[in-house]
Amino acid sequence: MFQLNRFGPARIIFASSFFISISIIVVIFFFLITNSLPIFYLEGWDFLTGTHWYVGEVYGALPMIYVTVLVTLLALCFAFPLGLGTAIIASEFLPERYRLIVKMVMELLAGIPGVVYGLLGIVLLTTTVQRVFNLIDGNCILTAGLLLGVMILPTIMTVSEDALRTVPKEYREQALALGLNHSEVVLTAVLPAAAKGILGAVLLSTSRAMGETISVMLVIGSLDRIPSPFFNIFTTAQTITSKLGREASEALGVGYHWNALIGLALVLFIMSMGMAFIGDIIVVKEKRV
Amino acid sequence: MIKKNRFAFYIVLLITALLFDVSIVMAGARTVRVAGSTTVLPVVAKTSEMFMAINPDVRIMVNSGGSGVGVKFVGNGLADIGMVSREITDEEIKNFPESDFKVSVVGIDAVACVVSSEIYDSGVKTLTKEQIRKIYSGEIENWKYVGGPDKKIFCIDKERHRGTRHVFMEYVFGNKNARAPGVDLVSGSNNEEQTKVALSDKAIGMLSFAWINSDVKGVDIIEDGNIIAPTVVNIKNGLYPIARNLTLVTNGVADGVVSEFIDYILGPSGQKVVAEEYGYVSVK
């Protein structure tokens, strides 16, 4: 294929793409920090611990941060058992041809844009949730969690499946030789060996769930408050991304409102990058074994 | 190998050249960038199509975002015309000291207090300002206290920067930025709020007059003992209390194609769109 001559055009193109990619991340991080500094000067730690957000008066980000974590956890609760179950069946029990079909479908799911999920969520999920739980309205944390769960399902499934496939054949053969049946082999030999890769899948999908904006914005109700009691998932709330989605264009570039929103973005950036980073490290390590 | 290398290089060159061409062609057209209120948007979108059909060399790009976005974009030069459905605030004038905002009124819009059709049909056809205030401040939480069925009220607010909310809150609370502790959900555009009210069977909300339909009913407002329905006649004669001007904002007096476009909306065909297609009230 391409011969990477020392000073050939291909090498120059690739090298410049490399530096552009790296600098984009650095620039974003730098931008978030410089643009959010004023709000940290104004509010100090209260920005992270305050519970009231009234533009022009006070900026407290805790409800958004808390609900982001809550919605993400909910999504994981739905998606993890389903995703892992699908991965185990596909990798350990299905013949190769069907395995590929399942995987293809899952990867197709991953490609559907968030707004499509969001619109489906408004029409189908909110009404169903309202009926099933007899709520005053279906726009709530639970709906957002369910929707996100569906959205991260493909990530969890495909990455866990990869992890299961990388477990060497000898593990299974030796376990079989010890007289275990097929299910026992999976549970006692394959799963523990793939645990790290599965954890990586969870962390990667967590960071995806945290960053998802439009679908959450459409079904969460967008009220800046910590649910009361704090584990009440049947109430409207606001995540960091839905807050940004609703207010960013209004605040664009001017004043404390903008600084506060960028402050939120910085918090999200750090949480999400942290997750993805840890996830990457675990997955990469796993693959090198 | 080297041949393949060259080939890739030429492809890259070709794509770059194409992109360059497209941008040059686009720069050649006379462009108008419009952004702002979703209330004014349908009128401007429709008239811009008609205007572009008459003037093929003009490109008009219309974006939404809310009145605040309209002012902001005109202020920092991201748009030539801002669609604004409320007064420009002192703070906005202060934020853009170099800007000289010029306002043209192109229509009048009434904000209706809307309820789900189930609520309307079960008897809540009128509300007083006081009742609406109590619902939005959380003092009344059940429809039975305002003549409706025994159902909890699902109270829908709008994002704080929306022009529709400013007009509504100015009327209800006497303060356009009023906090509304009785609110259960915050929505964004008129479309979004219309959907949420229509999907619920116990909701109250605020919508531009043009968004009222059979699923989302506007209640009559009782003012000094008079029942005032949200109708074109009542808005035109100034009786209906929750109304506002729809305006186009420019930075300084508009000239060139921008001024031509505003004049077109103020002209007979533009005003026909304002009045007949979207149920707003024309100004001429």
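**Chain B and its interface with chain A**

Reply: Within chain B, 72% of the contacts with a separation of 6 or more link residues 24 or more positions apart, a contact being heavy atoms within 4.5 Å. This is a predicted model, in which local features need pLDDT of at least 70 and side-chain atom pairs count only at pLDDT 80 or more, while totals for chains, interfaces and linings use all residues. Residues are numbered from 1 along each chain as its sequence is written, chains are lettered from A and ligands numbered from 1 in the order in which they are written, and side-chain values use heavy atoms, with hydrogens and water left out.

Chain B contains 11 helices and 12 strands; these are DSSP runs numbered from the N terminus, helices being H or I with at least four residues and strands E with at least two. Of its 284 residues, 51% are buried, that is, under 20% relative accessible area with a 1.4 Å probe, protein chains only. The accessible surface of chain B is about 12800 Å², and carbon and sulfur atoms account for 55% of that surface; the areas come from the Shrake-Rupley method with a 1.4 Å probe.

Turning to the interface, 31 residues of chain A and 34 residues of chain B take part in the contact. The two chains bury about 2700 Å² between them, 58% of it on carbon and sulfur atoms; buried area is the accessible area (1.4 Å probe) lost when two parts are put together, summed over both. Of the area that chain A buries against chain B, 25% comes from Ile136(A), Arg246(A) and Glu250(A), more than from any other three residues.

Arg246(A) also has a charged partner: its side chain meets that of Glu159(B) in a salt bridge, N to O at 2.6 Å. The rule, a side-chain nitrogen of Lys or Arg within 4 Å of a carboxyl oxygen of Asp or Glu, finds three salt bridges across the interface of chain A and chain B. On the side of chain A that touches chain B, at least two residues each are supplied by α1 (9-43), α5 (114-133), α9 (214-219) and α10 (240-251). The residues of that side comprise 16 nonpolar, 10 polar and five charged, where Ala, Val, Leu, Ile, Met, Phe, Trp, Tyr, Cys and Pro count as nonpolar, Asp, Glu, Lys and Arg as charged, and the others, Gly among them, as polar.

Key. Buried < 20%, exposed > 50% of the residue type's maximum accessible area, 1.4 Å probe, protein only.
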